[in-house]
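Here are a few notes to read alongside the model. Have the viewer open as you go.

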Amino acid sequence: MPPAAGTKLGYTPPDGGWGWAVVFGAFISIGFSYAFPKSLTIYFKEIQEYFSVSYSEIAWLSSVMLASMTCEQHTGEPLWQQTCGHGFGLALNLQPALTIIGTYFQVKRPMANGLAMAGSPVILFTLAPLNQFLFDSFGWRGSFLILGSIVLNCCVAGALMRPVNRNTKPKSGAAPERDRPSAEEAASPDAREQLADLLTGKHQSSRGCLSKFIDVSLFKHRGFLIYLIGNVVMFFGFFAPVVFMAPYAKHQGIDEYSAAFLLSIFALVDMFTRPATGFIGNSKWIRPRIQYFFSFAVSFNGVCHLLCPLLPGYAGLVVYAVIFGLAFGMVCALLFEVLMDLVGAHRFSSAVGLVTIIECAPVLLGPPISGALVDIYGEYKSMYYACGVFMLVPGMFFFVMHYFNYKRLDKEKKQSVAVHMRTCEEALKPKMNRDGTRAHEADR
């Protein structure tokens with residue numbers, strides 16, 4: 001088992017036990033949070049005709065819901081209010097589920113995150129054909145009432161997320177390998193400042209009110225800034241291909257059930273990809289440089305979207321759904337794990353809060369911008385090309401920046417070890433001098 005990134009939680013995470021029940025609860029919560037906005041694309045064509053709106057306007061439904069998870073005057077206004085309210089409710093599902101896994105797992109954290117994130121494709125795989133059946137039987141209004149009652153199962157999932165037992169403390173003596181700090185923590189400016197405080201005896205007496213709730217020092221964290229800049233660009237093209245997959249198929253003359261089945265194929269591949277990615281990411285070959293794995297996954301998504309318009313007919317869309325499900329699942333399984341790897345579990349809650357607040361802008365604007373491209377050009381090729389560029393550019397950015405970041409971390413880690421050794425030697429010198437003096441006096 002590869003060494004895990006260190007934590008400053010003050011206890012040793014159990015890496016199992018009730019944690020697996022927590023993973024199951026997160027599986028349900030994360031599943032509904034991400035799958036529900038995607039599955040509503042089945043109703044887009046009918047809602048679009050009912051309210052007589054354009055592609056860019058109908059895309060606001062999913063984008064507002066996804067953005068609300070993170071923060072026109074026409075007769076559809078109550079629908080937008082319902083969308084914002086539902087997105088806010090899903091946010092209350094998503095954030096605790098993401099955070100609590102880091103309190104229960106350390107060594108097996110990539111595996112646990114991968115299993116929890118698999119909830120989205122599993123539920124989407126079920127909801128895609130179910131939504132089409134509900135629409136045919138009850139219409140889109142009746143379907144929304146039934147779906148709302150189904151989402152209430154998240155209350156049961158929340159009941160499983162009890163706080164971790166923090167009475168467990170690390171064993172005295174040499175710390176086990178899994179509790180040793182990672183290169184990021186050992187060489188980060190924050191770690192060096194704490195070392196200096198311990199040596200000089202200087203401690204901060206108070207902090208600002210803002211710092212009690214938001215760790216603004218993260219904006220000075222090199223790895224966090226790389227993650228944030230790349231993700232802001234990436235999310236402009238992340239959700240739009242999923243939102244427009246079924247409408248794209250219907251635009252090509254494919255029947256409604258076959259179009260909905262594309263989402264099921266996508267979700268089925270995504271379902272198995274996420275836990276598999278978690279297992280691969282937890283291996284001793286990938287874990288030490290997991291940021292490169294994430295960079296590859298993001299770039300793979302971009303290439304996938306650029307190739308989509310070149311695949312003809314329904315068979316081509318099936319191939320695209322399979323490849324896209326593989327690429328999308330890899331990114332989703334690693335999305336929050338790589339953030340936790342960069343900042344550590346003790347700062348993850350603040351980091352994920354800051355990231356989702358800032359990312360809500362591209363998540364909100366991405367699908368409507370893509371819909372506007374469809375309105376302007378009258379076809380979907382330009383939309384998929386744009387999404388491909390929005391994914392490929394940050395993927396290459398991650399590769400380059402993390403290459404230099406890892407080099408800096410290795411250099412800073414060596415410097416930190418040298419400082420520590422020098423400090424230990426200086427601390428031992430007085431003791432050795434005293435022992436030498438006593439031995440000399442004894443010889444007399």
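1. Start with helix 6, where Arg109, Pro110, Met111, Ala112, Asn113, Gly114, Ala116 and Met117 are buried (under 20% relative accessible area, with a 1.4 Å probe and protein chains only). Since 8 of the 9 residues in this helix (residues 109-117) are buried, it is largely enclosed by the rest of the structure. Helices here are DSSP runs of H or I, at least four residues, numbered from the N terminus.

2. A word on the source: this is a predicted model, in which local features need pLDDT of at least 70, side-chain atom pairs count only at pLDDT 80 or more, and totals for chains, interfaces and linings use all residues. Residues are numbered from 1 along each chain as its sequence is written, and side-chain values use heavy atoms, leaving out hydrogens and water.

3. Next, look at helix 2 (residues 44-51) against helix 7 (residues 119-151): they pack at about 65°, with axes 12 Å apart. That makes helix 2 roughly perpendicular to helix 7 (the word covers 65 to 115 degrees). Axes are lines fitted to C-alpha atoms over the stretch in contact, and angles run from 0 to 180 degrees between N-to-C directions.

4. Who meets whom? From helix 2, Glu46, Ile47, Tyr50 and Phe51 meet Phe135, Trp140, Arg141 and Phe144 of helix 7 (contact is heavy atoms within 4.5 Å).

5. Tyr43 is worth a click too: leaving aside residues up to four places away in sequence, it touches Asn131, Leu134, Phe135, Trp140, Ser143, Phe144 and Leu147.

Technical notes: Helices (H or I, at least four residues) and strands (E, at least two) are DSSP runs, numbered from the N terminus. Angles under 35 degrees count as roughly parallel, over 145 as roughly antiparallel, 65 to 115 as roughly perpendicular and the rest as oblique. Buried means under 20% relative accessible area, exposed over 50%, partly exposed in between (1.4 Å probe, protein chains only).
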